[in-house]
Amino acid sequence: MSLPAPDPSADPEGLDPGLDPGRQLAYQVAVFARRISVAGELDRAAFLLLEQLAATGPANVKTLAAELGVDSSTVTRQAAPLLRERLVARLPYPADRRAVRLALTPLGVGRLARVRRRRRELIDELTAGWTPGERAVFCALLARFNDGLLDRR
């Protein structure tokens with residue numbers, strides 16, 4: 001289902017007064033989630049898993065699942081292609097060689113850096129005509145929105 005694009009002349013905020021703002025926001029969030037990825041880069045799940053490992057260092061599946069707000073089987077499934085691509089490796093715990101942690105490999109660090117750079121370039125391009133104030137407001141509102149999602153976990 002595609003909602004009609006808002007008519008900017010209908011409202012100074014660019015919202016069609018005939019459509020419920022909550023419905024418009026839900027649609028725009030879904031569009032954003034789909035379009036933010038740059039062609040050829042990591043999918044959303046892989047990007048978030050690599051970001052988490054970069055932020056916290058090696059971690060077991062259970063810890064990663066808790067930090068990402070998903071179950072352990074989801075992390076295991078998401079890690080499988082990253083292991084095959086050698087972006088992530090299994091590291092044994094020193095005290096218990098049967099237990100493992102996932103860790104970024106040098107290849108994973110490089111790939112994550114490229115994806116971060118490409119996303120930053122995309123965001124810079126898309127907001128090039130924005131004032132610093134508009135960027136700050138958008139960032140603050142998006143952070144508040146994301147924090148609300150985190151608080152729901």
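You're looking at a predicted model, where local features need pLDDT of at least 70, side-chain atom pairs count only at pLDDT 80 or more, and totals for chains, interfaces and linings use all residues. Residues are numbered from 1 along each chain as its sequence is written, and side-chain values use heavy atoms, with hydrogens and water left out.

Is Thr105 buried or exposed? Thr105 is buried, with a relative accessible area of 13%; buried means under 20%, exposed over 50%, and partly exposed in between (1.4 Å probe, protein chains only).

Now show its contacts (heavy atoms within 4.5 Å). Leaving out neighbours within four places in sequence, Thr105 meets Arg86, Leu87, Val88 and Ala89.

Next, pick Leu42. Skipping residues up to four places away in sequence, Leu42 touches Phe47, Leu50, Leu87, Arg111, Val115 and Arg119.

Leu42 also takes you to the largest nonpolar core, which has 18 residues; Leu42, Leu49, Leu50, Leu64, Leu82, Val88 and Leu102 have the most contacts inside it. Such a core is a set of buried Ala, Val, Leu, Ile, Met, Phe, Trp, Tyr and Cys residues joined through side-chain atoms within 4.5 Å. Colour α2 (44–56), α3 (61–68), α4 (72–84) and α5 (106–126): each supplies at least two residues of this core. The largest share, five residues, comes from α2.

Finally, zoom out. The protein has six helices and two strands, in the order α-α-α-α-β-β-α-α along the sequence. Buried residues make up 24% of its 153 residues.

Terms used
Helix = DSSP H or I, 4+ residues; strand = E, 2+ residues; numbered from the N terminus.
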